[in-house]
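Let's take a walk through this one together, starting with charged side chains and ending with a sheet. Have the sequence and the 3D view open as you read.

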Amino acid sequence: MSEIFNLTYEEKIIFRLRALYESYGYRRYKMDKFEEYDFYAKNKDFLPDEGMITFTDTGGKLMALKPDVTLSVVRNAAGMKGGLKKIHYNENVYRISGDTRHYREIMQSGIECIGEITKAQISEAVCLAAKSLLEITPDSVLDVADMGVIGAVPGFSSLDASAAEAAVACFASKNPHGLSDIRMPSETADVLSKLIKLRCKADDAETEFEKMTDDAGFARAAERFVRIMKTLPDDAKKTVRADFSAVGGTKYYSGVTMKGYVKGIPGCVLSGGSYDGLMKRFDPDLGAIGFAVYLDRLERFGGSEAYDV
Amino acid sequence: MSEYLNIALPKGRLGEQAYGMLEKAGLACAEVMSGSRKLIFENPDAGVKYFWVKPTDVPVYVERGVADIGIAGKDILNEYSPDVYELLDLGIGVCRMAVAAKKDWTDDTSRTLRVATKFPNTAAEHFRRMGRGIDIIKLNGSIELAPILGLSDVIVDIVETGKTLKENGLEVKETIYGVSARLIANKSSAKFKDAEISALCDRLADARTREEKL
């Protein structure tokens, strides 16, 4: 009987996260492991990598082992009428590992909230992301950014697609000097540089934005972000930081984006954000926000090993 | 997570130059330059640990969090795209990534261009942007030999003064981008050792600005 409770650290976290999400009204969602390959081929822009494990099923149809959860959730939610669909999941996805370029099975827990998304749902998702990290350890931070604020930087919308993409890449690598390789007005570069360097507590974001530019469009976008940060409860706010290196990753995050880190784990363990752009491809009346916790990255966490150089 | 600031230095001249900058920025560790065969050096008073690694491995140590920060050339960062922060251009190790070929070479666009390089991703991306079909020949050293012996039409490689090319009858045909050494940081370390890393970054940036004014 005692063996039932001999859980690994990741298994304990899965139960804690499930309890957290269900306390906020999220319902368990169980998915198929396979999806038609065509579905991902048509939406490959939104996948982190083009590689997929494929096979032919007994009916001759080309199938893929799921490389992504969100795309399947979005497709299943399209057509829903009114209200919010709030789901949580614990699923494995199959992706190419960044460095070795081999396929890996990645265990994820996460939430998706689909429907008429207002600031309240965005704030709740950010709060749940922060609390998810706190379930792992109090030594955690959640970086929050907003593509809308970047888009509102004066002159940014006039950049061509490749210049805009290169500028966003500078955010992801916190690389302000990389902007000098991109042709843009000096005012645009100046504000983007300040935004790249920004790292502050949730309550300090408003003051920091005011120092960047007087532009009215930027002020409106920044105000939206600031209001989301201000509505976070105090326990979540402690670990939240305005840090625009949280942009990047898959192309479907179009508004608020978040990346979570835990002391002792080298990369991010949580990633997510608003993906209205993707959702509207399937249903123009719906918005969406969500995040995933990468449970496989907790494998060496929980006290058994640590790097001691 | 170790409470030391763990720094990966690239073996060779660049690493020694970078250490000099870090030493002036308050992170001295005298044993680093002693010529000892040790690989790890620590100064508990400064709260720093250094280790010498192969230059192409610096981003790996940093990405994996074993090193909090490291020094890596922009050529290596562009080639391997590690998931790290690129906090500062140190302004040392200045050179360029270039396409080079024999002096009398001209491009025959009716044929696939054979490109020898240590940087296959960089070469592929450069010629992909130009829409030029290429055959990449991955080499690990003495790249200049390739066009001389007819293994390739051109090379894509780092060029500093251009002396090695000139002595072998080659010349730069095109500069792809400028290269210099960058201070890179593990993304998680940058959150939890933010104060130390930011302060170091500021000191290095100030030192670089003073150097440029001289």
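Is A:Glu36 buried, partly exposed or exposed? With 33% relative accessibility, A:Glu36 counts as partly exposed; here buried means under 20% relative accessible area, exposed over 50% and partly exposed in between, using a 1.4 Å probe and protein chains only. Before going on, some ground rules: this is a predicted model, where local features need pLDDT of at least 70, side-chain atom pairs count only at pLDDT 80 or more, and totals for chains, interfaces and linings use all residues. Residues are numbered from 1 along each chain as its sequence is written, chains are lettered from A and ligands numbered from 1 in the order in which they are written, and side-chain values use heavy atoms, with hydrogens and water left out.

Now for the partner of A:Glu36: its side chain meets that of A:Lys61 in a salt bridge, 3.4 Å from N to O. The pair links distant parts of the chain, with A:Glu36 in strand E2 (residues 34–36) of chain A and A:Lys61 in the loop between strand E3 (54–56) and strand E4 (62–65) of chain A, 25 residues apart. A salt bridge here is a side-chain nitrogen of Lys or Arg within 4 Å of a carboxyl oxygen of Asp or Glu, and helices (H or I, at least four residues) and strands (E, at least two) are DSSP runs numbered from the N terminus. A:Lys61 is partly exposed too, at 42% relative accessibility.

Another salt bridge joins A:Asp235 and A:Lys131 at 3.3 Å, N to O. A:Asp235 sits in helix H10 (residues 234–237) of chain A and A:Lys131 in helix H4 of chain A, so this pair ties together parts 104 residues apart in sequence. A:Asp235 is partly exposed at 35%, while A:Lys131 is buried at 17%. Across all chains, the search of the whole structure finds 35 salt bridges.

Over in chain B, look for an open sheet of six strands in the order E2-E3-E1-E4-E11-E5, with mixed pairing; two strands pair if DSSP finds at least two bridges between them. Strand E2 (40–43) and strand E5 (85–89) of chain B stand at the edges with a single partner strand each, so one side of each has no neighbour in the sheet. Further in, strand E4 (residues 69–73) and strand E11 (residues 181–185) of chain B pair in the antiparallel sense over five bridges, and B:Gly73 stands opposite B:Ala181 in E11(B).
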